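Visitor: I would like to learn how to read a few features of a model, one at a time. Could you take me through them?

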Amino acid sequence: VLFVHGINSGPGLWRPTSPSSISGQAAAIPGVTAWTFSYAHQSLLWVTRRQIGPDLAHAISCLATLSGHKVVIVGHSMGGLATQYALGQDHDQVAGTTSELVTIGTPFDGSKILTIGENVINGGLTEIDNPDVALVEALLSACAGIADHSDSNPCGLVSALRSPVGTALEAHSSAIRSLPAWPTGFPVYDTAGDMKISMLGHEFDFGDGAGTLASAIAHNTTGSPEIVRCQKSFWD
């Protein structure tokens with residue numbers, strides 16, 4: 001099983017040394033070995049970068065060859081899109097060495113919050129009465145000067161703005177549309193968070209922070225996606 005992290009992150013996300021972590025639990029299954037793929041130093045770049053998608057494709061092929069088994073991939077956030085790119089390499093030969101992909105909050109259709117953020121900082125949104133814009137502006141203000149390095153934290157998303165990945169992950173971006181088509185019949189299991197935050201009479205679809213629920217379950221191909229829901233109200 002190969003674990004692939006997301007933007008502004010690294011393999012430490014999986015807490016590989018902890019027996020209670022997802023990678024630790026996978027490693028405890030008889031006959032399973034758990035590996036992590038790192039592109040931490042390029043994690044604000046897009047998946048086409050050699051150290052991300054192409055190197056991931058090489059890692060998948062290498063693991064399959066050495067183990068004699070197909071590789072199961074678990075991709076968090078942009079890690080799922082990096083896998084999509086990798087599977088299309090070598091005329092889909094990499095896909096032939098891969099068993100399935102489990103995604104965790106992968107924004108298949110891009111990120112709404114990054115889209116709004118990119119527009120706000122570039123002066124493209126001035127709708128001060130739009131609650132979504134107001135929330136993003138508040139987030140930008142709250143995270144000013146905070147160097148957070150996690151795509152599971154809202155301030156980590158802020159640091160992605162103005163970066164290549166911030167533009168590439170805008171909703172329905174040309175970068176996402178240009179990714180290789182998914183191999184026919186390839187199994188993808190989506191898992192996603194569905195956070196609803198009610199504030200001052202408005203319900204925000206926060207998804208898992210980086211992407212909305214609709215984006216995170218846009219490519220589930222087997223059964224029903226796994227969705228974890230929670231709701232919180234402030235000042236209603």
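Visitor: Is helix H4 (residues 112–121) mostly covered or mostly exposed, and how many of its residues are buried?

Guide: Keep in mind that this is a predicted model, in which local features need pLDDT of at least 70, side-chain atom pairs count only at pLDDT 80 or more, and totals for chains, interfaces and linings use all residues. Residues are numbered from 1 along each chain as its sequence is written, and side-chain values use heavy atoms, with hydrogens and water left out. An α-helix has 3.6 residues a turn, so residues three or four places apart point the same way. Helix H4, a DSSP run (H or I, at least four residues), is mostly covered, since 7 of its 10 residues are buried, that is, under 20% relative accessible area with a 1.4 Å probe and protein chains only. The buried residues are Ile113, Leu114, Thr115, Ile116, Gly117, Glu118 and Val120.

Visitor: Which residue caps the N-terminal end of H4?

Guide: Ser111 does, with a side-chain oxygen 3.2 Å from the backbone nitrogen of Leu114.

Visitor: How many disulfides does a search of the whole structure find?

Guide: The search finds 0 disulfides, a disulfide being a pair of cysteine sulfur atoms within 2.5 Å.

Visitor: How accessible are Cys62 and Cys230?

Guide: Partly exposed lies between the buried limit of 20% and the exposed limit of 50%. Cys62 counts as partly exposed because its relative accessible area is 34%, and Cys230 does so because its relative accessibility is 43%.

Technical notes:
Helices (H or I, at least four residues) and strands (E, at least two) are DSSP runs, numbered from the N terminus. A polar contact is a pair of N or O atoms within 3.5 Å; within protein, one must be able to donate a hydrogen and the other to accept it, and residues adjacent in sequence count only if both atoms are side-chain atoms.
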